[in-house]
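Here are a few notes to go with the model you asked me to look over. Have it open while you read.

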Amino acid sequence: AVGLLWNLIGCWNYILQTDPDVVATMPELYRVVIENRPAWATGGFALSVFGGAVGSILLLLRRKIATGVFALSLLGTIAAYYFGLRVIGFDPATFSALLMSLGLLWYAMISARKGWLK
């Protein structure tokens, strides 16, 4: 449930960043990063948060496929994190997203191994 809430906040953040009116109200550094982010990094961000939300729902429904969805989400998180490191350096928010993605994948793998998932 915590993973779902975390990723839904990420989905909301992603959607806000696609609204030019909202981006225009952000501090200059954020605007520059968002407006100049390459497609692969934006795609990674989307895969990270939307994949994490879907994976969390699947985990709550006890579906084994959650593990694969979390693996894809982690790949998206790694892409977004890599971009962030290159552009602005270490960012605690992006690093915490990386830890959350790893944690959710780890938990799903343990749950599948223990037979908790169908």
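**Notes on the helix packing and cores**

1. Start at L59: leaving out residues up to four places away in sequence, L59 touches A66, F70, Y107, A108 and L117 (contact being heavy atoms within 4.5 Å). A caveat before going on: this is a predicted model, with pLDDT of at least 70 needed for local features and 80 or more for side-chain atom pairs, while totals for chains, interfaces and linings use all residues. Numbering runs from 1 along each chain as its sequence is written, and side-chain values use heavy atoms, without hydrogens or water.

2. L59 also turns up in the largest nonpolar core, which has 13 residues; L59, A66 and F70 touch the most other members. Elements giving two or more residues to this core are α4, α5 and α6. A core here is a set of buried Ala, Val, Leu, Ile, Met, Phe, Trp, Tyr and Cys residues joined through side-chain atoms within 4.5 Å, buried being under 20% relative accessible area with a 1.4 Å probe, protein chains only. Another core, of eight residues, lies apart from it and includes Y14, A46, A53 and A80.

3. On to the helices (DSSP runs of H or I, at least four residues, numbered from the N terminus). α4 (residues 39-60) packs on α5 (residues 65-87) at about 150 degrees, axes 7 Å apart. The two are therefore roughly antiparallel, the cut-off being over 145 degrees.

4. S111 sits in α6 (residues 92-113) and is buried, at 2% relative accessible area. Beyond neighbours within four places in sequence, S111 contacts W116 and L117.

Note on methods. Buried < 20%, exposed > 50% of the residue type's maximum accessible area, 1.4 Å probe, protein only. Axes fitted to C-alpha atoms, helices over the stretch in contact; angles between N-to-C directions. Parallel < 35°, antiparallel > 145°, perpendicular 65-115°, else oblique.
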